[in-house]
Amino acid sequence: MELEQILARLAEGARQVLQADAAMVRLLDEEDARLTVGAVSGLPAASWRQEPIAVEDSSLDEEALAGQPIIIADAGADCRVVGLPEGYRSVLCVPLMHENHPVGTLHVYATAPARFGEEDVALLMPLANLGAAAVVATRALTALEAMEASKAQFIRVATHELRSPVTVAQSLVRSVLKGYAGELTEKQTELLGRISRRLDFLENLINDLLALAAGKTPELAREEGPVVLNASIGRVMLLLQPRAEEKGLDVTFHPSHERLLVWGTEDGIDRIFVNLVSNAVKYTPSGGSVTISVRRVDGQAQVEVSDTGIGIPEEALPHLFEEFYRAPNAKAMEEVGTGLGLTIVKDLVERYGGCIEVESTVGQGTTFTVTFPLVDL
Amino acid sequence: MPKILVIEDDPDMVMALRIPLEANGYEVVSASSGKEGLQKVKEVEPDLIILDVMMETTTAGFQVSLQLRNPDPRSEYAAYRHIPILILTAIHTTTSLRFGPDEAYLPVDDFVDKPVDPDVLLEKVRTLIERSQKAS
C-alpha cells in the first residue's frame with residue numbers, strides 16, 4: 001500500500017474510533033525538524049495545503065513527539081495549539097511512535113469543548129502505534145525499491161560506459177596485431193598479444209560482473225518460466241562447438257530421450273551451461289573430450305558436464321564457487337579467467353531451485369552435476 | 001572499389017574498422033550519428049553500411065535501419081533499401097544467446113560482435129557485398 005493510503009486510513013480510523021468530527025496526521029520530515037500534513041479526515045481539502053510547520057512552533061506537537069499524549073478541553077484558551085482548523089474546540093494529540101522514535105502526530109478534533117478524556121487516549125494509542133509501524137515499513141520499502149532501481153540503472157550505465165572503451169581498444173589492437181596497419185616485428189607482435197590478452201581478461205571480468213549483478217537485480221531478470229533443457233544445451237553447443245573443435249577436443253552431447261522442463265529464464269539456464277561447458281573446453285588439453293548428458297534421475301532433471309581435463313586439486317574444491325577464486329593449476333595456464341564464472345553458475349542454479357556438485361581428480365578430469373526440480377506441465 | 005559507410009559515433013571504433021577495410025581495398029566513409037548517416041547514404045550511395053546501435057540515443061542504429069528498410073515505396077530511402085547492413089553490436093551476446101539476423105525485429109543482414117575481429121569483419125563484408133552484387 002502507498003504511504004498516502006495508509007495515512008488516509010489512519011486519519012479516518014482515528015476519527016471513527018473516537019466518533020470525533022475531524023482528524024489529521026502530521027508527519028515529521030527526515031531531519032525531525034518540520035511537520036507536514038500527511039492526511040485529513042472530516043476537514044476541508046484546503047487544510048491539506050498547509051505549509052509545513054517547524055516543530056518548535058507548535059508546542060502541542062512538540063510535547064506529543066516527546067511521547068506524551070495531550071488532551072485539550074478548549075483550544076481557544078490554550079496557546080499550544082497552532083494551525084487548528086476553524087470551529088473546533090476539543091483536541092486530542094497523540095504521538096506516532098515506532099520503537100521509541102517519533103514519526104509524526106495524530107490529531108483528533110471535536111467542535112464541542114472538553115470532549116476527550118483518558119479513555120480516548122487508551123482507545124487511540126493502539127491505532128497510532130500500528131500507524132507508526134506502517135509508516136516506517138512503507139518508507140523502508142520505498143527506499144529499498146529506489147535503491148534497486150538505481151542499482152539497475154547503474155548496471156545499465158556500467159554496461160555501456162565500462163565495456164565501450166575496452167571493446168574499442170580490443171578492436172584497435174586486433175587490427176594492428178593481424179597486420180592490417182603494416183607489418184609487425186616479432187617483438188611487437190608478442191607485446192601486442194600481451195595487451196590483447198589483458199583486454200580480453202578485462203572484457204570477461206566486466207561481462208561476468210555485470211552478469212552477477214544482473215542476476216541479483218530483479219529489474220534486469222527476464223520473466224521466469226519453464227525452459228526446455230535439451231534446447232538450452234543445444235544452443236550452448238552451437239556456440240561452443242567451434243571453439244572446442246578448433247582446439248582438437250571431442251565434444252559429445254547426449255540429450256534426454258524425453259523432454260525435460262526446468263524452471264528459470266532461457267538466458268539464465270543457457271548461461272549456466274555456457275560457463276560450465278566453456279570451462280570444460282578451456283581446461284581440457286587438445287585431444288581430450290567433453291561430454292554433456294541430460295537425464296531424469298529420481299524425478300529430477302540432471303545435467304552432467306564432464307571433461308578429461310587438468311582436474312581441480314582437492315584443496316581448491318571448497319573454494320571453487322567463491323567470487324574471484326581460481327584454482328592454482330587453472331591460474332598457471334595461459335587461459336583467461338576471472339574467477340567469477342562458477343560463482344555465477346551457483347548463483348543461478350540456486351535461484352532456480354537446483355543444486356550443483358563437483359567431482360574431480362587432478363590430471364584425469366572433472367564432472368559437474370547440476371540437478372533441477374522438474375516442471376510438470 | 002566498393003564503398004562502405006561506417007555509421008559509428010566513436011572515432012576510435014571507426015579507426016578500428018577503417019584499418020582492415022582500407023587494407024583490403026575498400027573505400028571507407030564515416031558518419032558520427034544516425035542523422036548524418038542517413039544523409040550520407042544518399043550522398044555516397046555505399047555498397048554496404050556498417051551500423052552502430054548505441055549512438056546519440058541507445059537505439060539510434062535501430063532507427064536508421066528501420067528508416068532504410070521502410071517497405072513503403074514512397075519512402076525517401078526506397079532507392080537504398082537493397083544496400084546490405086551489417087550491425088555492430090555487443091547486445092546480442094551479453095543479454096542473450098539468441099543470435100543471427102531477425103527480420104521481424106531488426107531489418108539488418110548480419111551482426112558483427114564488439115570487440116571486432118578484423119578477419120570476421122572482412123569475411124562478412126565480402127560475403128554481403130558479393131551477395132548483393134549478384135542480386136542486382
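Modeller: Happy to! Let's start with the crossing of α6(A) and α8(A), which is left-handed; that word applies when the near helix is turned anticlockwise from the far one by less than a right angle, with clockwise being right-handed. Before going on, please note that this is a predicted model, in which local features need pLDDT of at least 70, side-chain atom pairs count only at pLDDT 80 or more, and totals for chains, interfaces and linings use all residues. Residues are numbered from 1 along each chain as its sequence is written, while chains are lettered from A and ligands numbered from 1 in the order in which they are written.

The axes of the two helices, α6(A) and α8(A), come within 9 Å and cross at roughly 145°. Here axes are lines fitted to C-alpha atoms, for helices over the stretch in contact, and angles run from 0 to 180 degrees between N-to-C directions. Helices (H or I, at least four residues) and strands (E, at least two) are DSSP runs, numbered from the N terminus.

Now for the residues that meet. From α6(A) come A:Gly268, A:Arg271, A:Ile272, A:Asn275, A:Leu276 and A:Asn279, and from α8(A) come A:Gly341, A:Leu342, A:Ile344, A:Val345, A:Leu348 and A:Val349. Contact requires C-beta atoms, placed from the backbone, to lie within 7 Å. Sorted by class, this contact has seven nonpolar, four polar and one charged residues. Nonpolar covers Ala, Val, Leu, Ile, Met, Phe, Trp, Tyr, Cys and Pro, charged covers Asp, Glu, Lys and Arg, and the others, Gly among them, are polar.

On α8(A), residues 341-351, the buried ones include A:Thr343 and A:Val345. Buried means that 20 or more other C-beta atoms lie within 10 Å of a residue's own, against 12 or fewer for exposed and anything in between for partly exposed. Just after α8(A), A:Gly353 takes a positive phi of about 80°.

Leaving aside neighbours within four places in sequence, A:Leu276 is in contact with A:Val305, A:Val345 and A:Phe368.

Definitions and conventions. Contact = placed C-beta atoms within 7 Å.
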